[in-house]
Amino acid sequence: MNFWCGVELNPHFFGFEIKEFSYRPAFAMMSVLNLSYLFEQIRLYGFASPNLMTFQAISFFYTIDAFVFEYGMIYMFDIIEENFGFMLVFGDYMWMPFVFTLQNLYLINDLSYNPIQTYANIGIFIIGYIIFRGANNQKFVYRQDPKKVWLGLIEPITLETSRDRKLLISGFWGVARKINYLGDILIAVSQSLPCWQSPYLLPWLYPIYLTILLLHRAHRDNERCKEKYGKFWDEYCKKVRWIMIPGIY
């Protein structure tokens, strides 16, 4: 178990942050693999198909976003709670680059085009990105300055607890307790939607895996917070009823 989960939360090597750094090669490798498929399709057919270009654009935008907003990683569940063991090492250096790019295997030979599908695909990505980045940025701004009005529009309304900590219940965080997970899942779905015509399940492995992971993580986090905040967490759950999907879950 120590080998799988790790024994140290944030290992350092001469002051170097090993865990935080590991996300960088993962995203870099994803981009290199994506480009290799793009160039191979151009070599085979002389052009890049709309579906492959849609996937590539969404994937690259997501990668650029990860580097631009890298400072927000210090508040991620992986960084705060997960020890750095084989699970995270395998996830960063093998699972992310080689599983999150599997859509290319189908798209490289898919030359079909449906404009309605493409517009819907991009629309789902935009909605997911707004939820994901908006929620994470709102929480980051609050932690930097608890009194700051987010985007000049949303007041930071909070719930007091007995641990000298406050729980944010306004904006995105007044809609659902893990609203950022919903955004992340929608982004993953948008990366597999270009493979809509595929008869195989493989191109959908990323959103399926991510949904299961985040549902389990939301449950773990709920148990951890319930133990940490006690009755205050119960009060928080009454004010923010939904976990991830407003009106459903």
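## Close-up views of loops and helix contacts

**View 1. Leu151 lies in the loop between α8 and β3.** Helices here are DSSP runs of H or I of at least four residues, strands are DSSP runs of E of at least two, and both are numbered from the N terminus. This is a predicted model, in which local features need pLDDT of at least 70 and side-chain atom pairs count only at pLDDT 80 or more, while totals for chains, interfaces and linings use all residues. Residues are numbered from 1 along each chain as its sequence is written, and side-chain values use heavy atoms, with hydrogens and water left out. Take a look at the backbone of Leu151: phi is positive, about 55 degrees, although this residue is not a glycine. Leu151 counts as exposed because its relative accessibility is 61%; buried means under 20% relative accessible area, exposed over 50% and partly exposed in between, with a 1.4 Å probe and protein chains only.

**View 2. Ile157 also sits in the loop that runs between α8 (115-144) and β3 (158-160).** With a relative accessibility of 48%, Ile157 counts as partly exposed. Setting aside neighbours within four places in sequence, its contacts are Leu167, Leu168, Ile169 and Ser170, where contact means heavy atoms within 4.5 Å. For Leu167, which is 10 residues away along the chain, the C-alpha atom is 8.5 Å from that of Ile157.

**View 3. Helix α3 (residues 23-45) packs with helix α4 (residues 50-68).** Two packed helices are described by the angle between their axes and the distance between the axes. For α3 and α4, the angle is about 160 degrees and the axes are 10 Å apart; axes are lines fitted to C-alpha atoms, for helices over the stretch in contact, and angles run from 0 to 180 degrees between N-to-C directions. The two helices are therefore roughly antiparallel to each other, given that angles under 35 degrees count as roughly parallel, over 145 as roughly antiparallel, 65 to 115 as roughly perpendicular and the rest as oblique. The crossing of α3 past α4 is left-handed, that is, the near helix is turned anticlockwise from the far one by less than a right angle, whereas clockwise would be right-handed. On the α3 side you will find Arg24, Phe27, Met30, Ser31, Asn34, Leu35, Tyr37, Leu38 and Gln41, and they meet Leu52, Met53, Phe55, Gln56, Ser59, Phe60, Tyr62, Thr63, Ala66 and Phe67 of α4. By type, the residues of this contact are 12 nonpolar, 6 polar and 1 charged; Ala, Val, Leu, Ile, Met, Phe, Trp, Tyr, Cys and Pro count as nonpolar, Asp, Glu, Lys and Arg as charged, and the others, Gly among them, as polar.

View 4. Asn34 counts as buried, at 1% relative accessibility, whereas Leu35 is partly exposed, at 31% relative accessible area. Beyond residues up to four places away in sequence, Asn34 touches Phe55, Gln56, Ser59, Phe60, Thr101 and Asn104. The C-alpha atoms of Asn34 and Thr101 are 6.6 Å apart, across 67 residues of chain. Leu35, with neighbours within four places in sequence again left aside, is in contact with Gln56 and Phe60. Leu35 and Phe60 are 25 residues apart in sequence, with 9.7 Å from C-alpha to C-alpha.

**View 5. Helix α4 also packs with helix α9 (residues 179-192), at an angle of about 145 degrees and with axes 9 Å apart.** Here Phe55, Ile58, Ser59 and Tyr62 of α4 make the contact with Asp184, Ile187, Ser190 and Gln191 of α9. These residues comprise 4 nonpolar, 3 polar and 1 charged. Helix α9 also holds Asn180, which counts as buried at 12% relative accessibility. Apart from neighbours within four places in sequence, Asn180 is in contact with Phe132, Ala135, Asn136 and Trp173.

**View 6. Helix α10 (residues 205-229) and helix α11 (residues 231-239) pack with axes 6 Å apart, at an angle of about 125 degrees.** That angle makes α10 oblique to α11. From α10 come Asn222, Cys225, Lys226 and Tyr229, which meet Lys231, Phe232, Trp233, Asp234 and Cys237 in α11. The contact residues divide into 5 nonpolar, 1 polar and 3 charged.

**Setting for the views.** The protein has 11 helices and 4 strands, and 45% of its 249 residues count as buried.
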